[in-house]
Amino acid sequence: MTHGGDVGYELQTRLLVDAANGLPIAPLSQTLTDRAGCRSTLTEGLSESLTHMDALTADIARVESLATGKKLVHLIDREGDSIGHMRTLSSQGICWLIRGKEGHRAEWGGDTRKIGEIADDLPFIANGQVGWKGKKANMEIGETSVIITRTAKAKRKDKTPDVFASRNNRPVWGAVVTSSDLFNKAIDGFTTIIASGTGFLNIGSYVHIGGYTFLSAGAGIIIKDFCGLSQGVKIYSKSDDYSGKKLTNPTISEEYTGVIKGTVTLEKHVIIGSGTVVLPNITLKEGVSFGAQSLVTKDLNEWGMYFGCPAKKLEIEKAFVE
C-alpha cells in the first residue's frame, strides 16, 4: 500500500478529459492494489504491488502507448510531487501537471525561492468560471518557467517494499533499486546508495547490508542471494583516475577526467568484512570471503578466503554447504 500502516486497498483511476472545457470523455484505465498484488485494466492477471508513485508512472507509460491520436498532459491529483519520478517522465518527453508544495524551492529569475513566493509574484489572467464547492468561482491562470534543482530523495513510503531499513537509516536513492522477492533482506542504518544516471542496484534474496555501507552504483552493482556486507563496506562501480594524467572529482567536466567504471557483481554466498573497499568492474565469484579492511582490485576465484591491501588469498580450506 501507499503508506506502511495502510490496510484495505488503493484504487487509481485514469480519466480522459477534454482540454478545452475539462469535461470527461472516457475512462482510460483503473488499477486496484491490495496486499495480494496489483490488478490493472492495462495488464493481464495479478502483478507485484508497487508504491503509489511507481505504480502511477508505470501506468502513465502504458497510457502513452495507447493510440489516442492526441498529445496527452497527465494531471496528477494526489501526492505527485516526487522529483525522481517527475524527472523520469520528463526524460521520456511526457507532459505532466502536479500540485506543488508552497514550501519547496525552485530557481526563478536567477534566484532560489519558494514555490508559494513565486506564485504570489506571477501576473494572473482571468480564464472563465469553474465550479468549486458547489459554487461558481473565477479561474485565473499564471504561467512561468522554473528550474527544480533539489536532489531526489526517497521517502520511506516510496521505497520498494522488499527492502527493510532500520529506524535511523538515511539512504540516498538515485535510481531504481530492484530485488528478486519481497522479503529476506535488510539494509541497516546510515547506508548510502548513489546510482545516478543509468546506475542501478539489484539485490537478491537473503542479503544483509551492514550499517554505514557506501554503495556507488553509477555503473551498476549486482548483489546475488545469500551475500553479507559487514559495517562500513564500500563498493565503487565508478572511480577517478589517480595516475595524475587526468583531473578528478565530479565537479570537473567529463572531457578532462578519466573515470574508470564497470558493474560490480557479487555472486552467491559472498561475504565482505567490515571496512573493505571493492573497486569498479569486478566480479566476486561464488563463496568468496574477505577479511576486514581489505582492498579488492580484481576478479577473484570462487570459495577462496582473502585478506589484505590488496587482498590476497589465504591458504585455508573453506567448507561449504552443497
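## Sheets, cores and backbone exceptions in a predicted model

Strand S7 (residues 105-108) has a covered face, formed by Ala 106 and Trp 108, and an uncovered face, formed by Arg 105 and Glu 107. This is a predicted model, in which local features need pLDDT of at least 70 and side-chain atom pairs count only at pLDDT 80 or more, while totals for chains, interfaces and linings use all residues. Residues are numbered from 1 along each chain as its sequence is written, and side-chain values use heavy atoms, with hydrogens and water left out. Strands (E, at least two residues) and helices (H or I, at least four) are DSSP runs numbered from the N terminus.

S7 pairs with strand S8 (residues 111-114) in the antiparallel sense over four bridges; two strands pair if DSSP finds at least two bridges between them. Glu 107, on the uncovered face of S7, stands opposite Thr 112 in S8. The two strands form a hairpin with two residues between them, and Gly 109 in the turn has a positive phi of about 60°.

**The antiparallel sheet and its helix**

An open sheet of four strands has the order S1-S2-S3-S4, with antiparallel pairing. Its edge strands, each pairing on one side only, are strand S1 (9-17) and strand S4 (46-47). Helix H1 (residues 52-64) packs on this sheet and touches S1, S2 and S3, where contact means heavy atoms within 4.5 Å. The direction of H1 makes about 35° with that of S1; axes are lines fitted to C-alpha atoms, for helices over the stretch in contact, and angles run from 0 to 180 degrees between N-to-C directions. Within the sheet, strand S2 (residues 24-34) and strand S3 (residues 37-40) run antiparallel and are joined by four bridges. Thr 33 stands opposite Cys 38 in S3.

**The parallel sheet**

Five strands form an open sheet in the order S14-S17-S20-S25-S28, and here the pairing is parallel. Strand S14 (192-194) and strand S28 (295-296) are the edge strands, each pairing on one side only. Three bridges join S14 to S17, and the bridge partner of Ile 194 in S17 is Ser 216.

The whole structure holds four aromatic pairs, counted when ring centres of Phe, Tyr or Trp (its six-membered ring) lie within 6.5 Å; planes under 30 degrees apart count as stacked, over 60 as edge-to-face and the rest as tilted. One of them is the tilted pair of Phe 214 and Tyr 236, at 5.6 Å centre to centre and 45° between the planes. The pair links distant parts of the chain, with Phe 214 in strand S17 and Tyr 236 in strand S20 (residues 234-236), 22 residues apart.

Thr 213 lies in the loop between S16 and strand S17 (214-216). Its side chain reaches the backbone oxygen of Ser 230 at 3.5 Å. Beyond four places in sequence, Thr 213 touches Phe 190, Thr 191, Thr 192, Leu 229, Ser 230, Gly 232 and Val 233.

Accessibility is classed as buried (under 20% relative accessible area), exposed (over 50%) or partly exposed (in between), with a 1.4 Å probe and protein chains only.

| Residue | Relative accessible area | Class |
|---|---|---|
| Thr 213 | 1% | buried |
| Phe 214 | 23% | partly exposed |
| Tyr 236 | 25% | partly exposed |
| His 269 | 31% | partly exposed |
| Tyr 206 | 46% | partly exposed |

**Nonpolar cores**

A nonpolar core is a set of buried Ala, Val, Leu, Ile, Met, Phe, Trp, Tyr and Cys residues joined through side-chain atoms within 4.5 Å. The largest has 28 residues, of which Ile 223, Ile 235, Leu 266, Ile 272 and Phe 290 touch the most other members. S15, S16, strand S18 (221-223) and S23 each supply at least two residues of this core. Leaving out residues up to four places away in sequence, Ile 223 touches Leu 201, Asn 202, Ile 203, Gly 204, Val 207, Ile 209, Leu 229 and Leu 266. A second, separate core of seven residues includes Met 53, Leu 56, Ile 60 and Leu 89.

**Backbone exceptions**

Most residues other than glycine have a negative phi, and most peptide bonds are trans. Tyr 206 has a positive phi, near 55°, and is placed in the loop between strand S15 (201-203) and strand S16 (207-209). His 269 also has a positive phi, near 65°, and lies in the loop between strand S23 (264-266) and strand S24 (271-272). A cis peptide bond, with omega about 0°, joins Cys 309 and Pro 310. Pro 310 is in the loop between strand S29 (305-307) and strand S30 (312-314).

Conventions:
A polar contact is a pair of N or O atoms within 3.5 Å; within protein, one must be able to donate a hydrogen and the other to accept it, and residues adjacent in sequence count only if both atoms are side-chain atoms.
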